[in-house]
Amino acid sequence: TPQISLTKQVTSGPTLTGDGAFLVEYLLTVTNTGDVALTDLQITDDLATTFASASSYSVDSISSPGLTVDFSGPGDSTLLAGTDTLNVDEFNTVSITVIVIPAANPQSFDNTAVASGNDPGGAPVSDTSQDGVDPDPDADGDPTNNSDPTTITVSHAAELSLTKRVSAGPTDNGDGSWTVTY
């Protein structure tokens with residue numbers, strides 16, 4: 001039976017970059033959990049929808065050690081060229097680094113991606129990502145019925161403080177005023 005699974009996890013961040021933006025790194029792991037090779041492998045991740053409520057977002061990088069990445073930027077939701085094959089029990093990963101400027105504080109973003117491919121007869125198979133590293137957390141042998149989104153929450157913490165103390169005085173100036181040195 002042809003079958004594919006996809007997990008998505010946050011591997012770093014969200015990390016405040018100092019200019020109000022947050023850097024977050026995702027790792028997607030696609031696995032052929034079926035008994036036949038899958039061709040025309042594709043991962044679709046609609047980041048524009050995920051980060052639609054943010055002030056802005058951008059994709060800093062997308063890479064894979066064994067899949068052909070073909071991402072043309074904002075508005076493109078396909079991550080791969082669609083030319084790769086995934087053999088039985090084979091897996092591969094895609095790393096995505098996103099920079100997001102939130103519109104609210106705090107702000108949460110839910111994200112899912114979809115992996116798809118074709119069996120030897122050309123029939124499509126697909127799976128919506130499951131948060132974390134286990135594509136089948138209910139252990140029923142069917143990763144396609146697990147699709148908890150991967151959620152990040154960004155929050156700006158107060159980073160300003162002021163300390164003031166008197167270092168000298170108060171000294172009576174004799175004219176009704178006082179001098180205090182801080």
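**Backbone, loop and core**

Author: Ala139 lies in the loop between strand E10 (130–131) and E11. Helices (H or I, at least four residues) and strands (E, at least two) are DSSP runs, numbered from the N terminus. The model is predicted: local features need pLDDT of at least 70, side-chain atom pairs count only at pLDDT 80 or more, and totals for chains, interfaces and linings use all residues. Residues are numbered from 1 along each chain as its sequence is written, and side-chain values use heavy atoms, with hydrogens and water left out.

Ala139 has a positive phi, near 55°, and is a residue other than glycine. Ala139 is exposed, at a relative accessible area of 67%; buried means under 20% relative accessible area, exposed over 50%, and partly exposed in between (1.4 Å probe, protein chains only). Asp40, not a glycine either, also has a positive phi, of about 55°. Asp40 lies in strand E3 and counts as partly exposed, at 39% relative accessibility.

Two peptide bonds are cis. The bond from Gly13 to Pro14 has omega near 0°, and Pro14 belongs to strand E1. The bond joining Asn105 and Pro106 has omega of about -5°; Pro106 is in the loop between E6 and strand E7 (107–111).

Another loop residue, Asp119, sits between strand E8 (114–118) and strand E9 (124–128). Asp119 is buried yet has no salt bridge, and the nearest side chain of opposite charge, that of Lys8, is 26 Å away. Here Lys and Arg count as positive and Asp and Glu as negative, with His and the chain ends not counted, and a salt bridge is a side-chain nitrogen of Lys or Arg within 4 Å of a carboxyl oxygen of Asp or Glu. The side chain of Asp119 does reach the backbone nitrogen of Gly121, at 2.9 Å. Leaving aside neighbours within four places in sequence, Asp119 is in contact (heavy atoms within 4.5 Å) with Pro2, Val36, Ala37 and Leu38.

Now the core. A nonpolar core is a set of buried Ala, Val, Leu, Ile, Met, Phe, Trp, Tyr and Cys residues joined through side-chain atoms within 4.5 Å. The largest one has 29 residues, of which Val30, Ile43, Phe51, Val94 and Ile96 touch the most other members. Two or more residues each come from strand E1 (4–16), strand E2 (22–32), strand E3 (38–44), strand E4 (56–63), strand E6 (91–101) and strand E11 (150–154). E2 gives the largest share, five residues. The C-alpha trace spans about 100 × 35 × 25 Å along its principal axes. Of the 182 residues, 35% count as buried. Among contacts with a separation of 6 or more, 67% are between residues 24 or more positions apart.

Terms used
A polar contact is a pair of N or O atoms within 3.5 Å; within protein, one must be able to donate a hydrogen and the other to accept it, and residues adjacent in sequence count only if both atoms are side-chain atoms.
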